Amino acid sequence: MLQTVLPVEPLTPVESLESLIREAKEGLSFDRTISRRFVHRASVTEVFLTDAAVAGTDRFLVGAQLPRNHALYRPEETGQCDFMLLVETVRQAGIFLSHRYHDVPIGHHFIFKALSLRISDPAALRVGCGPLAVVLDVKVVTPAGARNPRRFDARFDMVIEVGGRECARASAGVVVIDGIRYGRLRQRGRVAGTLPPTGRETPLYGAGAGASDDRGVLRPVPAAEARPRPDGTWEWRLHVDPAHPGYFEHPSDHVPGMLLLEAFRQAARRAAGGTALTSLDADFAGFGELADDVTVEAARTGDGRVRLSASQGARILATAVARGA
């Protein structure tokens, strides 16, 4: 008896592309990390990216393995992975793709303009019996027109997946410039009295840090202690330790952006009653000088969010809006 064979409908171009992308995601390796120089890390243990693949015009897939525990990034009380561990993975992905696929030379300086992360499925990020294998589906958006070989301007829009399940979305905006332009920018941006400290004795890490948890970066101002001001705004001083092995994993001539973001995370949690963050949208406005005090402020809004700012005197360094679980 002959069997009737039904005609097979051909795949549309979109279906074919998505099928290839699924195969590419499944083919990403998590066996070893990429070279530390591609993510501007001094220690190989601080590298979380493992592999990458081209998925179309300015679309890339990046694999990452997130540790169950880390000196800085520890599971939230809810059981999900540390919010800032995802932020650091996003930061590394933007730097890596710039070097690997957009010809940005090693040694150029990355200036982050904005960074946002929003978790949509915390359960997918729950820490289990092993490290999390994460896939970042990244679209790189660059301004139209000719590219300047001494300047790279881009935005990295990312969909973050675990086990094929979307759990978060992120975006990072950067400007990358060469050393000469960076030096001019830093010199022009410094104001009187904010030159990097010279001759000041820097203690070995851990000596006089003043906190049992080395992730604690906020210090209460005398007038605030553990309560907000009459207008509802909380205020702290940022503790900047140039010898810290995490926030200053490699030398920096300014307050690192990740340190400001960690300060925002801690300030938002304290202002909101200790809940883990589900979203953070931050904009960077200027460099924080190592020699000057940084003030961090947080104020709750009527819709459950927390508005944050970091400043040195009258200069705003960064602002953000956060939301807790």
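Strand β8 (residues 233–238) pairs with β10 in the antiparallel sense over five bridges, where two strands count as paired if DSSP finds at least two bridges between them, and helices (H or I, at least four residues) and strands (E, at least two) are DSSP runs numbered from the N terminus. Within this pairing, Arg 237 has Thr 295 of β10 as its bridge partner. The model is a predicted one, in which local features need pLDDT of at least 70 and side-chain atom pairs count only at pLDDT 80 or more, while totals for chains, interfaces and linings use all residues. Residues are numbered from 1 along each chain as its sequence is written, and side-chain values use heavy atoms, with hydrogens and water left out.

The pairing of β8 with β10 belongs to an open sheet of 12 strands with antiparallel pairing, whose order is β1-β2-β4-β5-β6-β3-β9-β12-β11-β10-β8-β7. β1 and β7 (218–220) stand at the edges with a single partner strand each, so one side of each is left without a neighbour in the sheet. From one strand to the next the twist averages 25 degrees, with axes taken as lines fitted to C-alpha atoms (for helices over the stretch in contact) and angles running from 0 to 180 degrees between N-to-C directions. As a general point, strands of a sheet pair through backbone hydrogen bonds, either parallel or antiparallel.

Ala 53 stands opposite Leu 61 in β2. β1 and β2 form a hairpin with two residues between them, and Asp 58 in the turn has a positive phi of about 55 degrees.

Elsewhere in the sheet, strand β3 (residues 109–119) is flanked in the strand order by β6 and β9. Toward strand β6 (residues 165–177), β3 runs antiparallel and is joined by 10 bridges, with Ile 111 standing opposite Val 175. With strand β9 (residues 277–284), β3 pairs in the antiparallel sense over five bridges, and there the bridge partner of Ser 116 is Asp 281.

Helix α2 (residues 83–101) lies across β1, β2, β3, β4 (132–141), β5 (151–162), β6 and β9, and runs at about 135 degrees to β3. Helix α4 (residues 257–271) packs on the sheet and touches β3, β7, β8, β9, β10, β11 (305–312) and β12 (315–324), its direction making about 135 degrees with that of β11; contact here means heavy atoms within 4.5 Å.

The structure holds six aromatic pairs, where rings of Phe, Tyr and Trp (its six-membered ring) pair if their centres lie within 6.5 Å, and planes under 30 degrees apart count as stacked, over 60 as edge-to-face and the rest as tilted. Tyr 182 and Phe 287 form an edge-to-face pair, 5.9 Å centre to centre with 85 degrees between the planes. Tyr 182 lies in helix α3 (residues 179–189) and Phe 287 in the loop between β9 and β10 (295–300), so the pair ties together parts that are 105 residues apart in sequence. Both Tyr 182 and Phe 287 are buried, a term for under 20% relative accessible area, with exposed being over 50% and partly exposed in between (1.4 Å probe, protein chains only). The rings of Trp 234 and Trp 236 have centres 5.9 Å apart and planes at 10 degrees, so this pair is stacked; Trp 234 and Trp 236 are likewise buried.

Ring pairs also link Phe 38, Phe 60, Phe 96 and Tyr 101 into a cluster. The charged end of Arg 37 sits over the ring of Phe 38, 4.9 Å from its centre, and that of Arg 100 sits over the ring of Tyr 101 at 4.8 Å from its centre; the criterion is NZ of Lys or CZ of Arg within 6 Å of the ring centre and within 35 degrees of the ring normal.

The loops hold some contrasting residues. Glu 249, in the loop between β8 and α4, counts as buried at 14% relative accessibility. Its side chain reaches the backbone nitrogen of Ser 43 at 2.5 Å, and a polar contact of 3.1 Å joins the side chains of Glu 249 and His 250 (a pair of N or O atoms within 3.5 Å; within protein, one must be able to donate a hydrogen and the other to accept it, and residues adjacent in sequence count only if both atoms are side-chain atoms). By contrast, Asp 31, in the loop between α1 (13–27) and β1, counts as exposed at 71% relative accessibility.
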